[in-house]
Amino acid sequence: MGDSTAESSANKSYSLSQVAPLEAVLFDVDGTLCDSDPIHFIALREMLQEIGFNGGVPITEEFYVKNYAGRHNEDAAALLFPNDHEKGIKFLEEKEAYFRRLAKDKLKPINGLHKLRKWIEDHGLKRVAVTNAPRSNAELMISAVGLSDFFETVIIGSECEHPKPFPDPYLKALEVLKVSKEHAIIFEDSVSGIKAGVAAGVPVIGLATRNPEHLLMEAKPAFLIKDYEDPKLWAALEELDKISGRATNGA
């Protein structure tokens, strides 16, 4: 927060007027619907330590953000196990299973998520979850925050030609929803996710839940919010309502 450069660029504009009338909202899952990063970090740190990674010295949060957060497991495996990709993939599959055991009763929705859910439902908008997480993880997290019947579908990065940071998962989501990129917005909390949304041509609202703001801003989101209670978000949504008055007021 003390980084004035990040703040000044973050303050450039909180408007979403270019997407009016809004038709669809696309959400990442990990760190965007629930604060799952601390649990992923614990699982990864413990399991890497067990196998003597980094000489048995526990990884730091900085290492986690740089090499794991928001990445697809194929990419993370290449970074963590550059000389044995197969071992890396197997290791990360086991880590995901450990994450699910740890996460089961610990996941809580990001502050204000259900307020935003109501706004989206009241406006009759289409919605989809788009994630690099394995499907079993995604379904666990979506269920844990009470959104199992909210999303029309869940798009998984590994089921697309390329996962995030490539735009493919978001482009596939728009195609499935039959919505133009001109009338959609994305919520994301990681650098790779923001890059994917921006590459798909959709305005991305970045959540500064865990990842450093200056790194998120480098990926060029429309703006950053602290959580879904952030006044910046609601000012932008209110402005959208005014522009699309005919849609919200029946005019």
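Below are my entries on what I looked up.

**Ground rules.** I am working with a predicted model, where local features need pLDDT of at least 70, side-chain atom pairs count only at pLDDT 80 or more, and totals for chains, interfaces and linings use all residues. Residues are numbered from 1 along each chain as its sequence is written, and side-chain values use heavy atoms, with hydrogens and water left out.

**Helix α6.** Which residues of α6 are buried? I found Leu113, Leu116, Arg117, Trp119 and Ile120, where buried means under 20% relative accessible area, exposed over 50% and partly exposed in between, with a 1.4 Å probe and protein chains only. They sit on the same side of α6 because they cover an arc of only 165° around the axis, the arc being that of the directions from the helix axis to the C-beta atoms. Just past α6, Gly124 has a positive phi of about 60°.

**Helix α11.** Next I checked the length of α11: its 13 residues should span 18 Å at 1.5 Å a residue, and its end C-alpha atoms are 18 Å apart, which agrees. The expected span is 1.5 Å times one less than the number of residues. Buried in α11 are Leu233, Trp234, Ala236, Leu237 and Leu240. Their arc is only 160° around the axis, so they lie on the same side of α11. On the face turned away from that side I noted the exposed residues Pro231 and Lys242. The buried residues pack against α6, β4, β5 (204-207) and β6 (223-225), contact meaning heavy atoms within 4.5 Å. Asp230 caps the N-terminal end of α11, with a side-chain oxygen 2.9 Å from the backbone nitrogen of Lys232.

**Ser17.** Ser17 is in the loop between α1 (4-10) and β1, and it is partly exposed at 31% relative accessible area. Its C-alpha is 7.2 Å from that of Ile243, although the two are 226 residues apart along the chain. Leaving out residues up to four places away in sequence, Ser17 touches Glu239, Leu240 and Ile243.

**Cysteines.** How many disulfides are there? I count zero, taking a disulfide as a pair of cysteine sulfur atoms within 2.5 Å. The sulfur of Cys34 has its closest cysteine sulfur in Cys160, 20 Å away, so that is too far for a bond. Cys34 is buried at 0%, and Cys160 is buried at 12%.

**Cores.** The largest nonpolar core has 60 residues, and those with the most contacts inside it are Leu16, Phe27, Leu33, Leu44, Phe187 and Tyr228. Such a core is a set of buried Ala, Val, Leu, Ile, Met, Phe, Trp, Tyr and Cys residues joined through side-chain atoms within 4.5 Å. Its largest share, six residues, comes from helix α2 (residues 37-50). Apart from this core lies another, of 23 residues, among them Ala24, Val128, Ala196 and Ala208.

Terms used. Helices (H or I, at least four residues) and strands (E, at least two) are DSSP runs, numbered from the N terminus. A polar contact is a pair of N or O atoms within 3.5 Å; within protein, one must be able to donate a hydrogen and the other to accept it, and residues adjacent in sequence count only if both atoms are side-chain atoms.
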